[in-house]
Amino acid sequence: PPNQKPQRRKRRPRRPSQDQILQRPHDAIFQFAFSYPESASELIQLLPEDIRPRIDPDSVRILDRHYVDRRLRHQFTDCLFEAVLDGDEPIMIYLLIEHQRQPEYWMSLRVLQYKVGVWDSFLREHPEAKKLPLIVPIVVYNGKGEYLKPLDLVELIDAPAHLIEAFYHRPMQIIALASVADERMSKLPHL
């Protein structure tokens, strides 16, 4: 398939630096454990029933989890993998895996920021691309108790449900000034 990439040599996992271990020991251990594609393949087995059988666990490859955000700051996701999603036609997806020890209220916003960063990096690496890869975000939570914070960005938007329903998933709106009649434009003197 056109979206499938050639197999690369398996990268040898990098051990976390001493600074990483001291500053964020749980994250460093998690990142090291998931520096093996086999770990991600096994994690797939814990996904919900509607997603799990669609991902080919043998196709999982590690991607560079580093990206540069719009302010030119270096950012990292915890883990980023590429895999084949089976369907009518196999397509490549990215599995963005984030490790959380405590529930975080704004996590769905942070995941969106990671996704945009990954897409920006993808476009820099593939300037000829006309489409973005599908990203499946996975938060691995190993805290105490149930994860009761918002899971969907919609839950963080302060607007009545009917407005969110009407506008959130709607495509961006275009006002093409060149196609607005001169007569109508003349009634809008500030434009």
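Two strands are said to pair if DSSP finds at least two bridges between them, and strands (E, at least two residues) and helices (H or I, at least four) are DSSP runs, numbered from the N terminus. This is a predicted model, in which local features need pLDDT of at least 70 and side-chain atom pairs count only at pLDDT 80 or more, while totals for chains, interfaces and linings use all residues. Residues are numbered from 1 along each chain as its sequence is written, and side-chain values use heavy atoms, with hydrogens and water left out.

The open sheet has 4 strands in the order β1-β4-β5-β6, with mixed pairing. Because β1 (55-62) and β6 (134-141) stand at the edges with a single partner strand each, one side of each is left without a neighbour in the sheet. Within this sheet, β5 and β6 pair in the parallel sense over 8 bridges, and glutamate 98 stands opposite valine 139 in β6.

Helix α3 (residues 37-44) packs on the sheet, where it touches β1, β4 (79-85), β5 and β6; contact here means heavy atoms within 4.5 Å. The direction of α3 makes about 150 degrees with that of β1, whereas α4 lies across β4, β5 and β6 and runs at about 135 degrees to β5. Such angles run from 0 to 180 degrees between N-to-C directions, and the axes are lines fitted to C-alpha atoms, for helices over the stretch in contact.

Where is tyrosine 105 found? Tyrosine 105 is in the loop between β5 (91-100) and α4 (107-125).
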